[in-house]
Amino acid sequence: MDYVVGIDIGTTSTKAVLYTLHGDIKGYSNQLYPLLQDKPDMAEEDPDVIFNATVTALSEVVKNADGRVRAVSFSTQQHSLVGLDADHKPLTNVITWADNRAEKQATELGKNGQGMKIYNKTGLPIHPMGPVYKLLWLKQDETELFNKTSYWVGIKEYVLWRFFHQLKEETAMAATTGLMNIFKMDWDEDIMKFVGIKREQLPELVDPKDQLSGMDPKLADQIGIPADTPFVMGATDGALAEIGLGAIGKGEVAVTIGTSGAVRTFIDKPQLDPKGRTYCYPVMDGKWIVGGPVNNGGIVFRWVRDNLFGPEKETARMLNMDPYDLLTDIAKKVPAGSDGLIFHPFIGGERAPIWNGNARGSFFGLTRNHTRAHMVRAALEGVVYNLYTVQLALQEAVGEPTLITATGGFARSALWRQMLADIFEHPVTIPEAFESGCLGAMTVALMSIGEADDMSVVKKFIGKQNTYQPDPANFKNYRDLLPIYLNVGRKLEGEYDSIAEYQRQHPNPGNK
């Protein structure tokens, strides 16, 4: 039997799934690694730890293959940056999308108009997540490091270099750097000059369906696959999660809530937002993806669990329960709208739709009648409010959705699924298939090796789906609260910079 491996190099782990050519899952591995946050605004990872996690995950799943592995394909986190020396050894850690240290540069370029010029060429919104802004930060604040760096790559490009000693980057990923002109599909000479780097410092641009072959024989032997096994370039985790959900038709919107979250849809030609609220990147074969990512998804639920419900977390552990299930049971006792308690979920700054790295979280409307149960429900609702505001910006560009499909860790929670349907006032479809990024990568692999004509083949693999209908009884509560949520956020916008600067000047040594 023939197989394909889909790999997803994420922010907190690398996952690998072994599929038959018919989409049946025969092996799964999830290798965790830490996010390094030793300084204010820092969010880095060790590139060699990620490489080793990729090797381990791949090794574990191919053990289940009783035939040939036809291809390995990649889904990868966006906006990462790694500096390499002349021998392709890392000079930096992986500076992830969550790293906020380029906030000063992004803010400055946002004010002087240069940021919108970059956006209008690249589709990358003005935000410190973007490698173009990270490079400017390093150039200004880490000048010696910047000057001695020979190559600038993302984590996937580094991993593939370790496998093949070839430095290539597919255009879907390159678009997320803010360095590639999405209309010319090439590195932009003016932006490179502005940043202070040269074309030879960047990988060669290739198509997402292109293959690498000729793997390092020692690695091939360690993994247990032939050295001539083709590795398909793949694409970004956002684009491939969209494919893996089957949301590939006009008006079909995908919502994902993992550690972070996103709302996005495919379109047939590039479309930029005059206000710069949504990104626009090429995928492949004439398809483009437009949408908005949010920093604060499941990480908000984790913060609530760890900081507001410590005793309950311990109780759940002793009862062999998932603490998240316990918390959602508590939140269910509170009515929709949390009796007027609103939570702005910006505990890690925010990307779409406000694109403000200095944004901070807050409860609003708190009274002595509110309880911790109200706070946990308000936090969950706040995440969905924010995703809905992204959807509103998206609707201005592409119209109302014909289908909303959702996935991510949140999808395990019936309460959160219902919130999504109620706040969006739209049916929400949840596929039972998991690891949509890996499934999207597998789909690209099938196209690359000639086993599929286009991405629509993924529809055969998704399997059973469940649809949650919105409850009209909750509409009024959410409709009345959403304008307040938006207005409070706008009024606080002027204070976000002040409180963020205070926090940088007075860092909490126990919570860097």
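**View 1. Strand E15: Glu252, Ala254 and Thr256 point one way, Val253, Val255 and Ile257 point the other way, and all are buried.** Buried means under 20% relative accessible area, with exposed over 50% and partly exposed in between (1.4 Å probe, protein chains only). The model is predicted: local features need pLDDT of at least 70 and side-chain atom pairs pLDDT 80 or more, while totals for chains, interfaces and linings use all residues. Residues are numbered from 1 along each chain as its sequence is written, and side-chain values use heavy atoms, without hydrogens and water. Strand E15 is mostly covered, with 6 of its 6 residues buried. Strands (E, at least two residues) and helices (H or I, at least four) are DSSP runs, numbered from the N terminus.

**View 2. The partners of strand E15 are seen here: E15 pairs with strand E21 (residues 403-407) in the parallel sense, and it runs antiparallel to E16.** Two strands pair if DSSP finds at least two bridges between them. There are 5 bridges between E15 and E21, and in E21 the bridge partner of Ala254 is Thr405. Another 5 bridges join E15 (residues 252-257) to E16. Here Thr256 has Ala262 of E16 as its bridge partner. The chain passes from E15 to E16 in a hairpin of 3 residues.

**View 3. Strand E16 (residues 261-267) is mostly covered, with 7 of its 7 residues buried.** On one side of E16 lie Gly261, Val263, Thr265 and Ile267, and on the other Ala262, Arg264 and Phe266; each of these residues is buried. In a regular strand the side chains alternate between the two faces of the sheet. E16 also runs antiparallel to strand E18 (residues 287-294), joined to it by 7 bridges. In that pairing, Phe266 has Ile289 of E18 as its bridge partner.

**View 4. An open sheet of 6 strands has mixed pairing.** The order of its strands is E3-E2-E1-E5-E14-E13. Strand E3 (25-32) and strand E13 (211-212) stand at the edges; each has a single partner strand, so one side of each is left without a neighbour in the sheet. Within the sheet, strand E1 (residues 2-9) and strand E2 (residues 13-20) pair in the antiparallel sense over 7 bridges. Asp8 has Lys15 in E2 as its bridge partner.

**View 5. Both faces of strand E22 (residues 428-431) are covered.** Val428 and Ile430 are buried on one side, and Thr429 and Pro431 are buried on the other. E22 runs antiparallel to strand E23 (residues 465-468), and 4 bridges join the two. Pro431 of this pair stands opposite Gln465 in E23.

**View 6. Helix H10 (residues 237-244) has 7 of its 8 residues buried.** The buried residues of H10 are Gly238, Ala239, Leu240, Ala241, Glu242, Ile243 and Gly244. After the helix comes Gly246, whose phi is positive, near 80 degrees.

**View 7. Helix H16 has 13 of its 13 residues buried, so it is largely enclosed by the rest of the structure.** H16 covers residues 436-448, and its 13 residues should span 18 Å at 1.5 Å a residue; its end C-alpha atoms are 18 Å apart, which agrees. The expected span is 1.5 Å times one less than the number of residues. Just after H16, Gly450 takes a positive phi of about 85 degrees.

View 8. A search of the whole structure finds 0 disulfides, a disulfide being a pair of cysteine sulfur atoms within 2.5 Å.

**View 9. Asn181 lies in strand E10 (residues 180-181).** At 6% relative accessibility, Asn181 counts as buried. Asn181 and Leu32 are 149 residues apart in sequence, and their C-alpha atoms are 34 Å apart in space.

**View 10. The largest cavity has a volume of about 110 Å³.** A cavity is a set of points on a 1 Å grid over the protein atoms alone where a 1.4 Å probe fits but cannot get out; lining residues have an atom within 4 Å of a point. Points are joined across faces, edges and corners, and a volume is the space filled by probe spheres set on them. The structure holds 3 cavities of 30 Å³ or more. The largest cavity is lined by 17 residues, and Ser80, Val153, Gly154, Glu169 and Thr177 lie nearest its centre. Helix H4 (131-141) and strand E8 (151-153) are the elements that give two or more residues to this lining.

Definitions and conventions:
On a 1 Å grid over the protein atoms alone, a cavity is a set of points where a 1.4 Å probe fits but cannot get out, and a pocket is an open set with protein on both sides within 12 Å along at least five of seven lines; lining residues have an atom within 4 Å of a point.
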